[in-house]
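Here is a short tour of one protein model, written to be read with the structure open beside it. Please keep the viewer at hand and follow along.

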Amino acid sequence: MSPLPATSGATANQARAASALSRIRHQLAWNRLLSVVEEQAQVLIRSAFGTATREAGDLSAGVFLPDGRMIAQAVTGTPGHVNAMAESVKHFLDVFPVESLQDGDVLLTNDPWKGTGHLFDMTMVSPVFHEGRLVALFASTLHVIDIGGIGSSADGLEVYHEGLFLPILKLFHAHKPDPGVLAIIRANVREPEQVEGDLYALVACNEVGGRRLKDLLREFHLDDLNALGNTIIEQSRLAMLHAIAAWPQGSWTNLLTIDGYDAPIELSARVTIEPGRILVDFDGTSAQVARGINVVKAYTDAYTSFGIRCLIGADVPNNAGSLSVVQVSAPEGSILNARFPAAVTARHIIGQMLPDVVFGALRQARPDQVPAEGSSSLWNLHLVGGEPLAGASAEQNAALLAGRRFNAVSFSTGGTGARPGKDGLSVTSYPSGVRNVSIEILEAANPLVFERKEYRADSGGAGTQRGGLGQTIALRHADPGAAMILAAAFDRVVHPARGALGGHDGAPGRLALASGAALRAKGRQLIPAGDTLVVHTPGGGGLGDPAQRDPAAVRTDLRLGLVTPDATAQAARNG
């Protein structure tokens, strides 16, 4: 075989060099794009009025191609917002096609079925034009403090009870806000300044994202984002396929029973791993109910795919490519695919249990890779003052109206399940990822006094690895003559987090008044004047036989007061 001419070799070398240079440029541009969406999220945090966004990070931010596919998301944010928002942009484009958009338009909705699952979440989409062409869409979401209706409560029977419903609409027309839309919003919420301020924070964060993106395009001499975006999405898809190949193929099922509102709810899943995709089928799950704990399909998809991704492809970027590999089905009319107009305000209660559901199935495939169940859904303390409560006596309502109006949300958490080779995390928001709000900020903004906030000893399930601990919180109204309302939306009270592989269950949650009366886990309830609310959040399940726990770890737990001698001895006997 005759050798190739020197010119051919030189051409091949030049082609390889050009290909390598292109890959380097794509990597540099990708890194810049990540910094753009993270700055987008940080602008939202710094400009938001509500504590949910400003202090707890309950938000999402991301950039999308003009066809609605997500390229990149900010690390700051929650899976329920980010992964649901990944699909919501396509709904915006159905209502406002690309050709109908112009520079300075801003689109808005809180439609639970086309946004992120309940009316409290405002999702905003802003088109970005560069040199006269639409090159991208920036989207962001945050949780507003109030949306009217019955407030943050699972007591609603339909979404109509739960507050103001905004279909996909234009909030800004070519840089000009729509005064009619803003007037409707202000007239329907209890905290108009905070809500309107949060909307402008969304506008600002998308605007900054767009500016930074145009800087990137100019610096890298790009006419648009299509080539870079398609490369990122495809590489992410291929990386997920590689991650799937490391797991055994097959199907595994799991059933998780949780408290529900009036009756227990069963979440049934079959997880199937096959070449090129992961299928999760929730057939057999309980039907939707006439209370605000139903979940829309987008939110089900969001937390299901997040649970899968925590175990398979955890280091793969989260975008349209990697998300496309996980396919989720749930029967229409089930509690995981609720039909309009179902009540959905407290959809997080069930939605945030879904990683535990898929974990239970995948543990059968790889027992060495999967944590035990945790407290999972948030135990947010939503407290309201200055308004009456249906069913309360005249004297009780007088005490409620005696204090000033306030609307406070304390993002509170329990413990996570024990992890392979590691204990569970105490008082940690998994899977939501939101931060606890400091009590100093809550007390400064509201007439509240926190008397206790501490780890709850013995709440983590015993095991070779111990479950994470919950916490005990005690608080009261600062005015001894004023009452307040607790809008409870909690779970893991009747059915605690289960241990795995011989580990013990975590402690169930409970809540009561200091005067002795027990409170329900769901629904609006009175905290009488002069009384104190005491909340014990759940602990995570243990993993492995408690008798096999490292004695040094037991001694450390005892020394730190995380467990008591009696509980330790009992766990060893029952192990």
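## The model and its annotated domain

Please bear in mind that this is a predicted model. The UniProt record, an unreviewed entry, carries the annotation "domain: Hydantoinase B/oxoprolinase" for residues 24-546.

## Helices H4 and H5

Let us begin with helix H4, residues 179-188, and helix H5, residues 192-219. Their axes come within 8 Å and cross at roughly 140 degrees. An angle over 145 degrees would count as roughly antiparallel, and H4 and H5 are therefore oblique to each other. The crossing of H4 and H5 is right-handed.

Which residues bring H4 and H5 together? From H4 come Leu-182, Ile-185 and Arg-186. On the H5 side they meet Pro-192, Glu-193, Val-195, Glu-196, Leu-199 and Tyr-200. By class, this contact of H4 with H5 holds six nonpolar residues and three charged ones, with no polar residue.

## Helices H7 and H10

The second pair to look at is helix H7, residues 297-311, with helix H10, residues 354-362. Here the axes are 8 Å apart and the packing angle is about 45 degrees. That makes H7 oblique to H10. The crossing of H7 and H10 is right-handed.

H7 contributes Thr-300, Tyr-303, Thr-304, Gly-307, Ile-308, Cys-310 and Leu-311 to the contact. Their partners in H10 are Leu-354, Pro-355, Val-358, Phe-359 and Leu-362. In this contact of H7 with H10, nine residues are nonpolar and three are polar, while no charged residue takes part.

## The loop between S11 and H9

Now turn to the loop that runs between strand S11 (326-329) and helix H9 (348-351), where you will find Ser-334. Is Ser-334 buried or exposed? With a relative accessible area of 3%, Ser-334 is buried, since the cut-off for buried is under 20%. Leaving aside neighbours within four places in sequence, Ser-334 is in contact with Thr-285, Ser-286, Ala-287 and Gln-288.

Pro-341 also lies in the loop between S11 and H9. The peptide bond leading from Phe-340 to Pro-341 is cis, with omega near 5 degrees.

## The loop between S13 and H12

Another cis peptide bond joins Tyr-430 to Pro-431, with omega near 10 degrees. Pro-431 is found in the loop between strand S13 (406-410) and helix H12 (439-445).

Val-427 has its place in the loop between S13 and H12 too. Although Val-427 is not a glycine, its phi is positive, at about 45 degrees. Val-427 counts as buried, at 17% relative accessibility.

## The loop between S16 and S17

The last stop is Arg-492, in the loop between strand S16 (484-489) and strand S17 (510-513). What is the phi of Arg-492? It is near 60 degrees, a positive value in a residue other than glycine. Arg-492 counts as buried, with a relative accessibility of 0%.

Definitions and conventions: Residues are numbered from 1 along each chain as its sequence is written. This is a predicted model: local features need pLDDT of at least 70, side-chain atom pairs count only at pLDDT 80 or more; totals for chains, interfaces and linings use all residues. Side-chain values use heavy atoms; hydrogens and water are left out. Axes are lines fitted to C-alpha atoms, for helices over the stretch in contact, and angles run from 0 to 180 degrees between N-to-C directions. Helices (H or I, at least four residues) and strands (E, at least two) are DSSP runs, numbered from the N terminus. Angles under 35 degrees count as roughly parallel, over 145 as roughly antiparallel, 65 to 115 as roughly perpendicular and the rest as oblique. A crossing is left-handed if the near helix is turned anticlockwise from the far one by less than a right angle, and right-handed if clockwise. Contact means heavy atoms within 4.5 Å. Ala, Val, Leu, Ile, Met, Phe, Trp, Tyr, Cys and Pro count as nonpolar, Asp, Glu, Lys and Arg as charged, and the others, Gly among them, as polar. UniProt positions are given in the numbering used here, feature names are shortened, and annotations may be inferred rather than shown by experiment. Buried means under 20% relative accessible area, exposed over 50%, partly exposed in between (1.4 Å probe, protein chains only).
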